[in-house]
Amino acid sequence: MALVAIALIAAAALGIWTSWQLPLTFVHGGFFVPDLLKNPTSRAPLHRCTRDNLQKTLYVALSAVDEQIRAVNLGGLSVPVEVYDVRPPPEAGAGERWRHPGRAGAKELHILREVMQADEVAHVIHATGGAAFHPEAEGSKNPVQTPTVILKAQGRWSEDPATTELRGLVTHVVEERIVPYLQAAFGDPSLSAAEVLLRRYKPSERLFHPLHFDHHAAATCVVDLTPLPQSGLFLQPGPSAASRFMAPLRNPGDAAVHTWDVFHGVTLSAGHERVSLIIWAKPQGNAESGEVSWYNSLGAAGDVDAAYRLGMQSEAKQEVEHAIQWFSIAAAGGHWMAMSRLGRLQTMQGASAEGLAWSERAANCGWADAQVDVGDAKQKAGDHAAALAFYQSAAAQYHPGGLHRLGIALLRGFGTPVDVVAAQSALESSAHLGWADAQFALAQNFATDESVKRGWLTAATQQGHPAAANSLAIDASRQGQYAEARRLFLIAAEKGHLKAMVNLGTLLQQGVGGPADPTAAEGWLMRAQQLGGLPSC
């Protein structure tokens with residue numbers, strides 16, 4: 001087919017193809033429940049961190065029979081230590097092998113009181129005033145790109161002159177207090193500080209960090225330099241948000257320590273600028289190589305957490321069969337996240353009945369990701385009422401995907417009468433939690449002010465939302481900003497947006513917004529035709 005013919009068809013599309021797409025891709029599994037964080041559920045004996053023993057400050061010490069706060073000597077400083085049990089609850093279906101993996105320090109939260117003294121904290125905070133915080137490096141595993149100052153990487157302290165003062169202030173804390181504690185607490189004398197950084201959260205930039213595991217580190221230490229009540233680090237031992245609680249960090253210099261198997265996130269109260277010193281530790285060899293080799297032997301021995309992690313690694317490498325094998329091991333141990341991932345993969349492989357069964361099992365445990373997945377399956381099958389119920393369950397946990405889908409159901413009347421006000425509220429909640437689909441939906445349906453609309457489209461585009469990027473590109477082209485339009489069309493086209501492929505191909509063919517590139521233009525237009533974006537000639 002002649003390129004000219006393709007371009008003639010494509011030219012008609014430029015500037016008018018703005019139809020709304022609603023991709024159902026999960027960006028991540030994190031979500032945020034401010035109210036529930038303030039009221040963690042009390043549901044276990046003393047050796048679990050619960051509302052009762054948090055309020056009464058009845059902390060569990062290193063010894064199972066010692067209920068007093070225990071002080072340890074760290075680099076000549078006497079540091080009170082409290083240890084909390086954060087195992088998944090058996091009533092949610094967690095198997096004993098998962099709850100008791102036999103690893104030193106597994107599923108524990110250690111609180112080190114003022115491991116940095118008040119004057120040390122003050123000096124670091126003062127030094128951060130002149131420090132250059134940068135977004136995390138491209139390719140970072142962290143889905144939330146918060147400003148950081150990197151002080152140590154791959155086991156080597158930075159030689160950047162700009163970090164000299166901060167390194168001098170924290171090196172002795174890391175090497176003489178934190179690392180020895182990690183080695184002793186987790187029974188591994190080879191542990192070393194692989195990565196050390198200062199992280200800053202500004203309320204104007206980000207109020208939360210979704211739930212996640214620090215799977216890239218064997219152990220983590222977070223020293224909170226600016227703690228506030230009901231703001232900062234939180235943990236979720238169970239499948240639902242009702243199990244969440246705030247880490248009891250009260251004083252500047254208090255530290256939270258845990259291994260790679262603890263599910264946690266960050267939420268900030270209004271106006272809280274949080275600065276923390278983060279240490280990620282690994283065995284020395286892994287620190288230098290960047291590897292995480294400990295999972296292999298643990299997974300082979302049947303460790304449920306390690307099996308889940310190996311499944312995630314295999315899935316990331318698109319080794320689907322291996323991922324299914326590892327997730328199956330973890331799911332059999334009651335791991336609801338593994339059940340959810342297994343359900344998705346089996347569904348993708350065509351085993352929809354088996355996949356839905358695993359998803360439903362995880363959803364019934366209370367895992368919000370799975371509730372959204374089951375809702376999607378019910379919606380696809382035309383059972384809108386059942387889908388709505390699952391979306392409502394996820395939305396009640398402030399899961400951004402659940403809120404987004406609930407908003408769309410209310411907007412379109414799927415399984416419920418149309419309620420535009422409630423739809424907008426749900427979509428705004430999802431959008432403020434960073435869900436790109438909700439940001440795009442608000443821009444398309446509720447933003448009457450052009451600046452507000454552009455703000456939501458920009459926020460979604462920054463997360464790679466193709467339809468949002470296409471919409472911004474069309475707006476730019478209408479304003480004669482063709483170079484910007486070309487850039488945005490490329491973002492959308494690379495994400496598979498058919499109309500953006502056509503629009504980009506047209507600009508490349510005509511040399512609008514940059515040099516003409518007939519070869520690239522033909523490539524994009526042919527790709528669009530192959531995918532059904534253009535009629536055959």
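Modeller: E360 and K378 form a salt bridge (a side-chain nitrogen of Lys or Arg within 4 Å of a carboxyl oxygen of Asp or Glu), their closest N and O atoms being 3.5 Å apart. E360 belongs to helix α12 (residues 352-365) and K378 to helix α13, so this pair ties together parts that are 18 residues apart in sequence. Helices are DSSP runs of H or I with at least four residues, strands are runs of E with at least two, and both are numbered from the N terminus. E360 is partly exposed, with a relative accessible area of 25%, and K378 is likewise partly exposed, at 21%. (Buried means under 20% relative accessible area, exposed over 50% and partly exposed in between, with a 1.4 Å probe and protein chains only.) Another set of salt bridges, through shared partners, joins R103, K107, D261, D303 and D305 into one network.

The model is predicted: local features need pLDDT of at least 70 and side-chain atom pairs count only at pLDDT 80 or more, while totals for chains, interfaces and linings use all residues. Residues are numbered from 1 along each chain as its sequence is written, and side-chain values use heavy atoms, with hydrogens and water left out.

The structure holds 19 salt bridges. One of them links D369 with R344, with 3.8 Å between the closest N and O atoms. Since D369 lies in helix α13 (residues 368-380) and R344 in helix α11 (residues 336-348), the pair ties together parts that are 25 residues apart in sequence. D369 is buried, at 6% relative accessibility. R344 is buried too, with a relative accessible area of 17%.

R344 also meets D373 in a salt bridge, at 2.5 Å from N to O. This pair again connects α13, which holds D373, to α11, which holds R344, and so ties together parts that are 29 residues apart in sequence. D373 counts as buried, at 14% relative accessibility.

Helix α11 also packs against α12, at an angle of about 155° and with the axes 7 Å apart. (Axes are lines fitted to C-alpha atoms, for helices over the stretch in contact, and angles run from 0 to 180 degrees between N-to-C directions.) The two helices are therefore roughly antiparallel, a term for angles over 145 degrees. Their crossing is left-handed: the near helix is turned anticlockwise from the far one by less than a right angle. On the α11 side, the contact (heavy atoms within 4.5 Å) involves W336, M339, S340, L342, G343, R344, Q346 and T347. Residues of α12 that take part include S352, E354, W358, R361 and C365.

As for the surroundings, an open, antiparallel sheet of 9 strands runs in the order β1-β2-β3-β11-β8-β13-β6-β4-β5. (Two strands pair if DSSP finds at least two bridges between them.) Its edge strands, β1 (70-74) and β5 (156-157), each pair on one side only. Within the sheet, β3 has 4 of its 5 residues buried, so it is largely enclosed by the rest of the structure. Antiparallel pairing joins β3 to β2 through 5 bridges and to β11 through 3 bridges. I111 of β3 stands opposite E82, and its bridge partner in β11 is A256.

How values were computed:
Angles under 35 degrees count as roughly parallel, over 145 as roughly antiparallel, 65 to 115 as roughly perpendicular and the rest as oblique.
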